[in-house]
Amino acid sequence: MEPIILAYIGAALMMALPGVGSAFGFAICGNAAIGAMKKRSEGFGSYLILSGIPSSNGIYGFIAFFLTLGHLYPHYYDINYVQAGAIFGSGLILGLVSMFAAIKQAEICASGIASIASGQPLLGKTLMFAAFPEFFAILSLLCMILITGAVF
């Protein structure tokens with residue numbers, strides 16, 4: 001296999017996996033929000049804010065993909081296996097961490113949505129708890145930037 005193919009697989013993983021996690025996360029929160037609106041429709045703004053939180057992980061995947069393409073395009077013919085392996089590995093790390101972070105954030109946010117629907121004013125506190133999985137997704141993005149910066 002040519003090194004460039006391995007690198008493009010890594011770039012695809014860093015875009016696809018966080019996107020899948022964000023889509024699942026938004027669906028989890030959206031389902032919770034629809035159920036919550038049956039109980040208390042005036043909380044729609046809070047439900048919408050919490051439903052959008054897992055989407056940030058897909059944005060991190062897109063940022064990583066965009067930065068990686070900047071390394072791949074000018075080096076298309078001369079990329080080596082070390083560089084391709086670094087892109088693949090960092091894409092796998094970022095993809096998996098961001099995908100699971102989005103899903104776990106969604107579970108936290110869905111619990112917050114249910115609590116708000118039952119009359120508890122927990123938007124701010126739920127956002128604080130949802131920030132913890134987000135932190136690890138940000139770390140995986142920084143890891144990807146450092147790894148690719150070291151080999152190019």
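## Basis

Residues are numbered from 1 along each chain as its sequence is written, and side-chain values use heavy atoms, with hydrogens and water left out. In this predicted model, local features need pLDDT of at least 70 and side-chain atom pairs count only at pLDDT 80 or more, while totals for chains, interfaces and linings use all residues.

## Cysteines

With a disulfide taken as a pair of cysteine sulfur atoms within 2.5 Å, the count is 0 disulfides. Cys 29 is in no disulfide, the nearest cysteine sulfur being that of Cys 109 at 4.8 Å. Cys 29 has a relative accessible area of 0% and is buried (under 20% relative accessible area, with exposed over 50% and partly exposed in between, for a 1.4 Å probe and protein chains only). Cys 109 is likewise buried, at 0%.

## Helices H4 and H5

The axes of helix H4 (residues 81–117) and helix H5 (residues 123–151) come within 9 Å and cross at roughly 175°, which makes H4 roughly antiparallel to H5 (a term for angles over 145 degrees).

## Aromatic pairs

The whole structure holds 2 aromatic pairs, where ring centres must lie within 6.5 Å, and planes under 30 degrees apart count as stacked, over 60 as edge-to-face and the rest as tilted. The rings of Phe 62 and Phe 66 are stacked, with centres 6.3 Å apart and planes at 25°; both residues lie in helix H3 (residues 56–72), 4 residues apart, about one turn of the helix. Phe 62 is partly exposed at 46% relative accessibility, whereas Phe 66 is exposed at 58%.

Phe 135 and Phe 136 form an edge-to-face pair, 5.4 Å centre to centre with 70° between the planes.

Key:
Axes fitted to C-alpha atoms, helices over the stretch in contact; angles between N-to-C directions. Helix = DSSP H or I, 4+ residues; strand = E, 2+ residues; numbered from the N terminus. Parallel < 35°, antiparallel > 145°, perpendicular 65-115°, else oblique. Phe/Tyr/Trp six-rings, centres within 6.5 Å; stacked < 30°, edge-to-face > 60°.
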